[in-house]
Structure formats: C-alpha cells, structure tokens
Amino acid sequence: MEVEGIEDEGPSSQSELPDLQAAQQQQQQPDVHSSMLVENVYVDHKAVDKLTEGFLSHYLPDLQNSKRSLQELTQNQLILLDTLDQEVTKFRECNTLLDLNSLFTEAKVYQNKLVNIRKEMIMLHEKTTKLKKRALKLQQQKQKELLEKEQQRERELERERQLIAKPAKRT
C-alpha cells in the first residue's frame, strides 16, 4: 500500500505494521523482485488508523472475553486448589484419627494384659500367703512333735531310772 506525497510521521508502532506487510508481500512475489529492496515506503496514517481501529474492533471483544474467561478459570483453579488442600487436610486428619484409634486399641490390649498380670499377681500373692501359713503350721507342728518326743524320751529315761534297782541302804 503506497501513497505518495504523505508525510511519514507518527508513532513507530503504526509505521511498523505496513513495513511488515510490505516485507510479507515482497516475500510472496517471485524471485525476480526479491533482488530489489524497497527503501522508501510512504504510509497513509488515516488508513493505518482505520485498519488498526477495525482490527481492534474485530478482535478486542473476543480477546476481552477470553481474558475474562481466563481470569474466571484462574479464580476457579485457585478455589479448587484451596478445596483440594482442605480435602487433603481432612484425609490427613482421618489418617491421624485412624492412627489414634489404633493406638487406643493397642492401649486397650495392653491394659487388658496389665489387668491379667495384676490378677495373676494377686492370685500368686494369695497362694504364697497360704503356703507361708501352712509352712508355719507345719514348722510349729514339727517343733511340737519334736518337743513331745523329747518329753517322751525324758519320761522314759526317768521311768527307767526309777525302774533300775536301787541298792538298799543298810541300816
């Protein structure tokens, strides 16, 4: 798009678009024209402004909708991430509760073992007390029997002494 007699003034972004179009057109032409370089390109700024305005009016609403959609998606992703984090926390708490339940179950088992050991100790204590009493009774009975035997022997010795003939005293 070349128009002669119009000044080349304005922002560089507006002048770059036609330069790109000219470069694309030059690349699309046959090899004969590729050896020639376009040095001076004159651009109609009104045409560039209208093209830019048309381009923006055509694509800007879709881009803005896309931007809104992306923002919504990003926000929804953040919400989902928070929800997922909460769910993970709940699962960890559940695992902790399961661990606690297993600990309580294990504690209950050990408590039952302790109760059984305590019962056995009480039973053994009662048995040892009974055995000590019996041993004491047996010891006392044996001492009594030994004492009775000793007394019986002394009585027999005394009787034998009395039975032994005593020489009579002559008077």
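**Figure 1. Glu150 and Arg153 share helix H3.** These two residues sit 3 residues apart, about one turn of the helix. In this predicted model, their side chains form a salt bridge, and the closest N and O atoms are 3.2 Å apart. How accessible are the two partners? Glu150 counts as partly exposed because its relative accessibility is 35%. Arg153 is partly exposed too, with a relative accessible area of 48%.

**Figure 2. Arg161 and Glu158 meet in a salt bridge.** Look for the N to O distance of 3.2 Å between these side chains. Arg161 and Glu158 are separated by about one helical turn because they are 3 residues apart in helix H3. Is Arg161 buried or exposed? Arg161 is exposed, with a relative accessible area of 52%; the cut-off for this class is over 50%.

**Figure 3. Glu87 pairs with Lys90.** Here the closest N and O atoms of the salt bridge are 3.7 Å apart. Both residues belong to helix H3 and lie 3 residues apart, which is about one turn of the helix. Glu87 is partly exposed, at 34% relative accessibility, and Lys90 is partly exposed at 45%. How many salt bridges does the structure hold? There are 3.

**Figure 4. A nonpolar patch lies on the surface.** Five names to find in this view are Phe55, Leu56, Tyr59, Leu60 and Leu63, which form the patch. Together these residues have about 500 Å² of accessible area. Let us zoom in on one member. Where does Phe55 lie? Phe55 is part of helix H3, which covers residues 45-163. Phe55 counts as exposed because its relative accessibility is 52%, and exposed means over 50%.

**Figure 5. The protein chain has 3 helices and 0 strands.** How much of the chain is buried? Of its 171 residues, 2% count as buried. The chain exposes about 16800 Å², and carbon and sulfur atoms supply 56% of that area.

Methods. Residues are numbered from 1 along each chain as its sequence is written. This is a predicted model: local features need pLDDT of at least 70, side-chain atom pairs count only at pLDDT 80 or more; totals for chains, interfaces and linings use all residues. Side-chain values use heavy atoms; hydrogens and water are left out. Patches are made of residues with over 30% relative accessible area and no salt bridge: like charges are joined within 9 Å, nonpolar side chains (Val, Leu, Ile, Met, Phe, Trp, Tyr) within 5 Å. Accessible areas come from the Shrake-Rupley method with a 1.4 Å probe; for residues, only the protein chains shown count as cover. A salt bridge is a side-chain nitrogen of Lys or Arg within 4 Å of a carboxyl oxygen of Asp or Glu. Helices (H or I, at least four residues) and strands (E, at least two) are DSSP runs, numbered from the N terminus. Buried means under 20% relative accessible area, exposed over 50%, partly exposed in between (1.4 Å probe, protein chains only).
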